[in-house]
Amino acid sequence: MTPDLAMLRDLVESTPEIRRWPRSGAPESWVRAAEAQVGRLPASYRWWLTEARAGRIGHVDVASLADPEHVAEADDALTAGWRLAAGRLCFASEPDGAETFSFALDRTGGNGEHPVVRVDGIDGSEEVVAETFAGFVSVQVALLRGLGDGPNPGVAELWRSTPGVLRPDGITVHGPHRFSEVNAAHDVPHLAPHWMLVGEDGEEAGLFVRRHGRDRTSVHRLDLAAFARSRPGEGGSRIEAEGELLTTDLLGLLGGDSAA
């Protein structure tokens, strides 16, 4: 799924653990100088470099750019951590080097992105952790928020591509930086402890998905005012009795490819 850059901006600006450079983002010329060395960079990572220019997410160091006019060697335009070898471009690492993160350049989506693989520093084994760079940032923030890689499989799959979605028709699905505060604001853990509010429809109705149980893919829509009238623990029954079943495929609802 193509990353929603407006949601990525919201995530960056509202997450204190994303430590940014004191100045603005890197100029486009710096990005082009880097791409002359390593090839075209993923679209959401280009945005990150030119708009956010952040160097760390929690304790994970993310490579940034140096001014190519003030470095001795062309390769130095890429900060420490950038390594290009065997179809992998390493762009981030844990401080102790136990794990690194690379773009899998041999896999390219139609959205100008490459999947992100985590590489074990001991045995070199790989695991795909995100489908886009924006998804990598989203998953890292989810881990910082104690949400794992997502609170249920459908949301986790979405966050691996984008930190939430805001559609033109008003449907919103929240990223990890908004998830807990939105659920707390609507008292979901108290009123419906086995459910979660994943977004809104733009018309004052919430999009609810089960947190527990076998069916954790069905998305139900219920007016938030009606939900607020629930007694503690009875909100789930209200969602089932009064809510509308929208879909069993969250990514499909949002226009993404759930099989990606």
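Which residue just after H6 takes a positive phi? I looked, and Asp 187 does, at about 60 degrees.

**Ground rules.** I am reading a predicted model, where local features need pLDDT of at least 70, side-chain atom pairs count only at pLDDT 80 or more, and totals for chains, interfaces and linings use all residues. Residues are numbered from 1 along each chain as its sequence is written, and side-chain values use heavy atoms, with hydrogens and water left out. Helices (H or I, at least four residues) and strands (E, at least two) are DSSP runs, numbered from the N terminus.

**Helix H6.** I checked residues 176-185 and found Pro 176, His 177, Phe 179, Val 182 and Asn 183 buried. Buried means under 20% relative accessible area, with exposed over 50% and partly exposed in between (1.4 Å probe, protein chains only). Among the elements covering them I noted helix H1 (5-14) and strand E11 (195-200).

**Strands.** Next I followed E7 (residues 116-120), which pairs antiparallel with E6 (residues 99-104) over five bridges; strands pair if DSSP finds at least two bridges between them. Phe 101 stands opposite Arg 118. On to E8 (residues 126-130): four bridges join this strand to E7, also antiparallel, and Val 116 has Ala 130 as its bridge partner. E7 and E8 make a hairpin with five residues between them, and Gly 124 in the turn has a positive phi of about 75 degrees.

**Core.** Last, I looked up the largest nonpolar core, which has 35 residues; Tyr 45 and Trp 48 are among those touching the most other members. Such a core is a set of buried Ala, Val, Leu, Ile, Met, Phe, Trp, Tyr and Cys residues joined through side-chain atoms within 4.5 Å.

Conventions: Contact means heavy atoms within 4.5 Å.
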